[in-house]
Amino acid sequence: MHKPFLVLLLFISTFSQAQICDRTFAGIILDQHDDSALSQALISIVELNRSTYTDEEGRFSFDNLCLGTYTLYVTHAQCNARSFDIKVKENTFKTLKLEHHYEELNEVLLSGSSEGLMSAGKDVLDAGAVERSSNESLGALVSGITGVSGFSFGNTVIKPSIHGLHSSRVTIMNNGVRMEDQEWGAEHAPNVDINLAQSIEIIKNASALQYSGDAIGGFVILKPQRIPVKDTLYGKVRLSAQDNGRGGSAHFGLIKSTTKGWYGSVEGTVKKYGDFKAPNYNLSNTGMNSYTLASKLGFNEFKRGFELNYNRIENTVGILRASHLGGAQDQFVAINSSEPLIINDFTYDIDRPKQEVSHQIISAKAFVKSELLGRIDLRYDFQKNDRLEYDIRRGSDQNKASLDLDLQTHAVSLDLAPKLAGFNSLKTGVSGRYLKNESNPNTGVKRLIPDYKRYDLGFYAMATKSLSNDLELDAALRLDYMRIESFKYYYSALWTQRGYDITFPEFEIEALGTQILTAPKFNYLNPSAAIGTSWSLNEQNRLLINLSLGARNPNPSELFSEGLHHSASRIEIGDLRFKPEIAKNLSLGYTYKNTRLSFSLNPFVRLIDRFILIEPTGIQQTIRGNFQVWSYRQTDVSLSGLDMDTRFAFNDKLGFEQQFSLVKGHEFETKTPLINMPPVNMINALNYTYKQIEMRIESDYTWRQNEFPNTNFEAFIPETQSTELIDVSTPPEAYHLMNLTFRGPLNFSDKFNISWALDIQNMWDTSYRNYLNGMRFYADDLGRNLLNRRDLPHREDGQTASSCPTAQNGRF
């Protein structure tokens, strides 16, 4: 008689518990040694046979859980698996930590775990994406990220442009070093080798305040390669060859490490290309040569470590010969011609006009872990940038550089990451920099940028706190001081015409005939701030909200330019009266993920006071030819837009991707469109896998930019004795590119893991001109390109190279 009663009681108990199944269990998986987020960790609830993976920030979530106790089993490719007992009484959030295998304990690579506020969001190009694009420049690679464009001067000089902002508005961090390589120049490409990076992160606002407060466009962060703490010798080779440019690249690397924590590496890259080709003609004098050598030596333990780095890159880049012309007649004809005015046969020779740039980095960094102060990081960096720009010159000066700049940067920083009760994370630090720029006066040409010295001092603090199991708040503050001291000769007439003699009489030193020697000095003090929330609505939906305030001081070009910028083929005029830009940004992010579909929508609004822009204002004849005049000015502007990414898996073999980006920029009062805003772009792609062969077919459509300022002007043409309209405003037509990729493995032994890829870029050989390419006035963009790649990593112990995986957003 007791059995029916017990059965009934058990049924009632089970039934009553089954009614409460609306709880959520969420959390974050961190590396036990440095609290870095572990993406792609597999979390399983054993009793329910339910599993999910962590996202790029290490987060996961389970919905619709019943009250009770569960066994959580967590695994990761480079970590010891671990079980956790969890009790679900209410909606719960837990921070769980995994320990790397000792031989893979390499994430203690002297960099903090946080790359900005979590509420800001970030896009990541993982190690695979970097390997598959080893021949490309940084600007070309990151332009595959939604909302990021390549702002270029030809096909080899490409800068990252985030929502239409680039150059000194985008901070590039290279293995913890803030790049200082004359980035003020729109045609000065970043001097970095992407082959030295493990992954690349893009933050599309100013919230990564531990690096700077002036990156009002965003950040591009190159993360260093992980090195295993074990007795191993690891090598890698990456090879590429392409028909457009008839060249290729080769990268090698050799890494040695020991179980005692010592490690070292040496890596190098060689790139060589001849003249590139548009669909219907050669792009004469557009070849490039590039050489990189990098080495490191370090010691790595759980509680302490240090690392020494040396990096040198040498670039020689040809500038389209047809962009340097003679008189106004040539300019008028070139802009209205369907072909360049100068077309020569293919050659590997790089003649004038050209750039020769050398950039060296020496860095030393160390860390120690303290019970009281947490992790303490100290680093020193030295950079030396030598830039030579050669123009078309005659006589004895023909082989002499027209622009000769030497920039040296010393930087030191101290960062603390203490553990404080009530906060998920806390970080603070102080940094200082000294920059010295020398402009060679013996070029025979008036110097575009003068000699100057710059002093920077910055302090920041940032913290993250959980308000509930699903809601996190993060915030950051920063204060920056900058002083710049310069010496510059101005033409006396220009000094008076601009009213500098009245506004800045204290800068005047000595009048020397038609010129006046001045010593401009400026001091700037700028606060920056960011605050945001990260809200996990449930297992599939997440919302990010971020507000940021940034300030950017005028760069040397914007202040001091007064002359011909040779590699840009234009005369540039700056203004000493410029004040700092103040940017206010609101970024929203919504993501949805399930087993087959992932979707993200990221709208933004950015208001910038005293925005500094440069635009064409006329044509000026010089003894070296006829050049457009571009002048800087300040105005209040607004930028807004959205990025959208969609990925859908039809099955295990077939998937679809779509990227869409929209940016609108206008002057605040007049509603005049801003110059050089990226046109609307949409990429649709199908990915198909057959056995181990992967295929991707991609449709890349760029709309015509229909919102642009009218900066046309009239010029007198002596040859025809007529006045003609010079149209430098009208954007090129819309264009559609098709790209095709095949890739797969070639496994010959356990010690070698060889992968290959074949790309056909611009498959239909479409003629087009890119609105963001400064050479569009003179020639079409690149034609069809067949590209073959090989990647050959090798370990002495027979294990292939690996790293903690991160989510990839962008190219296949």
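Author: Helices (H or I, at least four residues) and strands (E, at least two) are DSSP runs, numbered from the N terminus. This is a predicted model, in which local features need pLDDT of at least 70 and side-chain atom pairs count only at pLDDT 80 or more, while totals for chains, interfaces and linings use all residues. Residues are numbered from 1 along each chain as its sequence is written, and side-chain values use heavy atoms, with hydrogens and water left out.

Reader: How many strands does the protein have?

Author: The helices of the protein number seven. Its strands, counted by the rule just given, number 44.

Reader: What percentage of the 812 residues of the protein count as buried?

Author: Buried means under 20% relative accessible area, exposed over 50%, and partly exposed in between (1.4 Å probe, protein chains only). Of the 812 residues, the part that counts as buried is 57%.

Reader: Which residue in E4 does Gly-27 stand opposite?

Author: Strand E1 (residues 23-31) runs antiparallel to E4, and five bridges join the two. In E4, the residue opposite Gly-27 is Phe-60.

Reader: Which residues of the largest nonpolar core touch the most other members?

Author: A nonpolar core is a set of buried Ala, Val, Leu, Ile, Met, Phe, Trp, Tyr and Cys residues joined through side-chain atoms within 4.5 Å. The largest such core has 55 residues, and those touching the most other members are Tyr-490, Trp-495, Phe-522 and Leu-576.

Reader: Which residue does a cis peptide bond join to Arg-352?

Author: Most peptide bonds are trans. This bond is cis, with omega about 0°, and the second residue lies in the loop between helix H4 (328-335) and strand E22 (354-370). The residue joined to Arg-352 is Pro-353.

Reader: Is Gln-182 buried or exposed?

Author: Phi of Gln-182 is near 55°, a positive value in a residue other than glycine, and Gln-182 is found in the loop between strand E12 (177-178) and strand E13 (197-203). Its relative accessibility is 1%, so Gln-182 counts as buried.

How values were computed: Pairing = 2+ DSSP bridges.
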